[in-house]
Amino acid sequence: MLICTSGLHSGINPSPGVGTARSIKDAFPQAHIIGVDYSTRCSGLHSPDLDEVWLQEAWQVIDLDQYADQIRLLLDEGKLWISGLDLETYWLAESIGSHPNLLVPPLEALKRASKPVYEIGHEYDLAIPPFIRLTEPEWEIHKFCRRNDWHCWVKGPNYEAQMVRDWSGFHKARRKLSATWSTVDDLFLQAHILGLEECIAFSAYHGELLGSAHMIKRDVTKENKTWAAKVSPVPEDLSELVANIIHDLKWTGGGEFEFVRDSQGTLWLLEINPRFPAWIYGATLAGINLPGRLVQAATGDEMLPQRRASSEFVRIVIEVPVRDGYNLPPLQHMSIDERDSGLKHPSGMPLLSKRLRGTTRKIPRVPTSHDSIVPSAIRNAVQSIKSESLETPAPVLLESILQERIVLLKEALARVSNDRVKVTVAYSVKTDPDSKIMHMMKDHGLLAEAISQLEVLRALSSGFSPSEIVLNGPGMWWPENETPSPLHAIMSDTLNDLEQLVEGSRQRKIADVIGIRIHPPDVESRFGIPIYDYSQFDRLVQIVKRCPPDQAFGVHLHLASSRLGVKRWKHMVEAMLHWAVALEHLTGVPIKFVDLGGGWFPDDFDEVFLLDLPSLVDTITRLLPHVTEIELEPGKALVQPATCMVSRVINLQESEAGTNIIVDASIADLPQALYFPHRLLFRSKATGQWLAPRNGDWRVTGRLCMETDVLAEDIDFAVHPQIGDLIVFLDSGAYDRSMSYDFGKG
Ligand SMILES: *Cc1c(COP(=O)(O)O)cnc(C)c1O
């Protein structure tokens, strides 16, 4: 009995070869095990459990056809092959196909079970985590991150996952994984599911399930790889599900289902690995010898009964002698990158990925068009700008778009306001204090929200009366000024501010409403009163109790959902409301005003927040029955899409990696380019034609000699740009205006 088992690495991110060999030895002590791998860095090559090793050439130089012939020959001679490497499995299924001694799944099964297990999830009605493919425009990917609370994984088609918590983290992960696996379009972004991981290892022969084992992690490495675990028989409902899927896929070989169970008990299918898991000997120790059963089914020889040593296993680190003739190369000959990927993937799977994809330096892209993400109203407004005569770079306010957004908002407010409670809006002055914008807000009857005395003055000079101004923030009294009174509302950020406000309002009316900004627990923020700190909460109660009876009191929350995520924001609002209920109860002071701050990305405001608003108003009035006004403070949700930045192409740089278009705008004109993708329109000077971009490998960079001056990436245009063509950056109102700066202009 001769058995080849590949994937021998045995580091902190191990392959299953060694565990497979040990399991087979338990079942068939006479078996002769040949370990196969592609670098002496695969530490398991030196394992005493192997009778022989075949160290093959590295994947970038190996003659794949000849290697396939060689393997076919040894299969014909009666040797078995159990692959422990996902991509080798794929390659074997493709180039050798069905052979009774090749113990890997058929190609069709590998395709159907491939990440993100969408097909299997759908067919078997299993929950799979939300995902988006990187074939989508960046605009959609950014939205996916916001809607999934900026807690996502960029995942490779076969291996590797990198956590993404912000936009630059996404770019970093995409760069890293696309360089490693030679693809962008086969990468995807998956929402993180909070819960505990469970795995099922199995073995199967021609669609028949030979056995399975259920594993729950007890200890993990930094990379979340199993270090200790409990193994038990698979619960009946799950083993039936696994049997059905395996039967359907006509599976042969080992495999593993990875799940996460969330706090509600829902089991989410994360992936199906086409090989035994690295912890497979842990299952053998628990009395479930899956590689043994696989060999038994393939050969017809009877295995020894497996003794159960323990239902739990741990890993330990031990030193073993290096096998004679397989000395290790020195470390210092590798660059840091090589070292990183060489140590992480010693079996050379990135090299095989590159071979199988047949790519050179350039990674091909699906040219997904961005037409559908540019609303026609914005496209029309941009096309009607007299751009020929513009001195670029030039920000242009699209008044019709702003008008449209304000009207939409007012309609939504009218739908939720009633006799008992009215929902109002205060425009955040700091977001963009442009005088035309301020006047439009005033003309539409909105309030103004200021964070300093200078902003109060700005609001007054734009026509707002004191009773139409809301004051907020840690520096709201700066600079010293005779603040007009009464303002509409003042929300204090600190207890000291609140104390002064309460004492002041016992003398005279400072504002229709006074109140506090709440910092709810479990969220990182510098702002608001940390009500979860008992001594602060206690002092808060004492101060609020001193409010004069005719003074309306309110609570305020401002956490940006664009940064925090849409679902977490909602959760924080609910937390804040419950703390407000407690405050009302303990002080006897009714809460009449709820101020929900701002921070919504425009699409989230339109597509989620405004749709949820009726139910949010219901919740607020149910929990806090004295509330008469709910105030919102959108800034960027209103103005971000209403300004565009017109720029001209001033230079072009071609390289192997793609085209670099250099424009006269820069990160100084579009400081938010670092934080979210801006939609684009392109106009060819020669044809006068307007185009939305497609996904591609070009970059648009600014005029500055600064590495960070990258304004757009991952795009191209159907026509090659010429110097003098226009590139218009949409979504460049809000902080792109108020935080822009003069730089590199002499
Ligand atoms: C900045 C700010 C806003 C507006 O934020 P946007 O991100 O522009 O929506 C609203 N309320 C307060 C208290 C703010 O500080």
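Predicted model: local features only at pLDDT ≥ 70, side-chain atom pairs only at ≥ 80, totals over all residues.
Helices and strands here are DSSP runs, numbered from the N terminus. Asp522 sits in the loop between strand S20 (511-519) and strand S21 (529-530). Although Asp522 is not a glycine, its phi is positive, at about 65 degrees.

Two other loops hold cis peptide bonds. One of these bonds joins Thr392 and Pro393, with omega about 0 degrees. You will find Pro393 in the loop that runs between helix H13 (376-383) and strand S15 (394-397). The other runs from Ser485 to Pro486, and here omega is near -5 degrees. Pro486 belongs to the loop between strand S18 (469-471) and strand S19 (487-492).

Now turn to the ligand. It is surrounded by 14 residues, and the closest are Lys430, Thr431, Gly599, Glu633 and Tyr735. Sorted by class, this shell has eight polar, four charged and two nonpolar residues. The side chain of Thr431 places an N or O atom 2.8 Å from an oxygen atom of the ligand. Gly599 takes part through its backbone, where a polar atom is 2.7 Å from a ligand oxygen. On the nitrogen side, a ligand nitrogen atom is 3.5 Å from an N or O atom in the side chain of His558. Taken alone, the ligand would expose 390 Å², and the protein buries 94% of that.

Next, compare how two pairs of helices pack. Helix H2 (residues 64-76) meets helix H3 (residues 86-95) at an angle of about 80 degrees, and their axes are 11 Å apart. Angles from 65 to 115 degrees count as roughly perpendicular, so H2 is roughly perpendicular to H3. From H2, the contact uses Leu64, Tyr67, Ala68, Ile71 and Arg72, while H3 brings Glu88, Trp91, Leu92 and Ser95. These residues divide into six nonpolar, one polar and two charged.

By class, the contact of H17 with H18 has six nonpolar, two polar and two charged residues.

Conventions:
Residues numbered from 1 in each chain as written. Heavy atoms only, no water. Near = heavy atom within 4 Å. Polar contact = N/O pair within 3.5 Å; in protein donor to acceptor, adjacent residues only side chain to side chain. Areas by Shrake-Rupley, 256 points an atom, 1.4 Å probe, with all protein chains shown as cover. Nonpolar A, V, L, I, M, F, W, Y, C, P; charged D, E, K, R; others polar. Axes fitted to C-alpha atoms, helices over the stretch in contact; angles between N-to-C directions. Helix = DSSP H or I, 4+ residues; strand = E, 2+ residues; numbered from the N terminus. Parallel < 35°, antiparallel > 145°, perpendicular 65-115°, else oblique. Contact = heavy atoms within 4.5 Å.
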